[in-house]
Amino acid sequence: MPTQFDSIFTLLGKGAGGLAIFTTGIVLKTRQITFNKTICSTILLKNLAFPLVVWGCNSPTTLTRLVVVALAIPTATMPSTLAIRFNVHEAELASTQFWSTALSFITLTAFVLAPS
């Protein structure tokens, strides 16, 4: 990477996490959190099934463990933000984001602590 861009990307990298948390708070405060069959299946797939498939299909290497943990990270804020912007399934995506984050404390911890 050219050195001229180093300070720009460093600043963006340091601010991205805080901005994502702030955005998540706004989204979750302005939408009603619900729980239904669609949300449950989405969370099970995102937080549990996808990481388990990668874990089961690959030999236990450091890269496999990193990919599994990356897949177990909660749903990002962008789907909820786009849903709000285009008025499509806003409450459902906000609820998915909330429950995915809340349950990731269990699933993410399990994948991090799982034996190789």
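This is a predicted model: local features need pLDDT of at least 70, side-chain atom pairs count only at pLDDT 80 or more; totals for chains, interfaces and linings use all residues.
Helices here are DSSP runs of H or I with at least four residues, numbered from the N terminus. Residues are numbered from 1 along each chain as its sequence is written, and side-chain values use heavy atoms, with hydrogens and water left out.

The loop between α4 (78-86) and α5 is a handy place to start, and asparagine 87 sits in it. Asparagine 87 isn't a glycine, yet its phi is positive, at about 55°. Histidine 89 belongs to the loop between α4 and α5 too, and its phi is near 50°, again a positive value in a residue other than glycine. For accessibility, buried means under 20% relative accessible area, exposed means over 50%, and partly exposed is in between (1.4 Å probe, protein chains only). Asparagine 87 counts as exposed because its relative accessibility is 59%, and histidine 89 is exposed as well, with a relative accessible area of 54%.

Next comes the salt bridge, meaning a side-chain nitrogen of Lys or Arg within 4 Å of a carboxyl oxygen of Asp or Glu. Searching the whole structure turns up one. It pairs glutamate 90 with arginine 31, and their closest N and O atoms are 3.0 Å apart. Glutamate 90 lies in helix α5 and arginine 31 in the loop between α1 and α2, so the pair ties together parts that are 59 residues apart in sequence. Arginine 31 itself is partly exposed, at 22% relative accessible area.

Helix α2 (residues 37-57) isn't straight: there's a bend of about 40° at leucine 45, taken as the angle between axes fitted to the seven residues ending there and the seven starting there. The buried residues of α2 are Ile39, Ile43, Asn47, Pro51 and Val54, and they pack against α3 (62-72) and α5. Contact here means heavy atoms within 4.5 Å.

Over in helix α3 is threonine 64, which is buried at 9% relative accessibility. Not counting residues up to four places away in sequence, threonine 64 touches Val54, Trp55, Asn58 and Ser59. Helix α5 (residues 90-113) holds leucine 108, a partly exposed residue with a relative accessible area of 22%. With neighbours within four places in sequence set aside, leucine 108 contacts Val69, Ala72 and Ile73. Its C-alpha atom is separated by 8.8 Å from that of leucine 48, 60 residues apart along the chain.

Threonine 24 counts as buried, at 18% relative accessibility, and touches Thr77 and Gln97 once neighbours within four places in sequence are left out. Leucine 12, on the other hand, is exposed, with a relative accessible area of 55%. Together with Met1, Phe5, Ile8 and Phe9, Leu12 makes a nonpolar surface patch of about 560 Å². Such patches take residues with over 30% relative accessible area and no salt bridge, joining nonpolar side chains (Val, Leu, Ile, Met, Phe, Trp, Tyr) within 5 Å and like charges within 9 Å; the areas come from the Shrake-Rupley method with a 1.4 Å probe, and for residues, only the protein chains shown count as cover.

Definitions and conventions: Helices (H or I, at least four residues) and strands (E, at least two) are DSSP runs, numbered from the N terminus.
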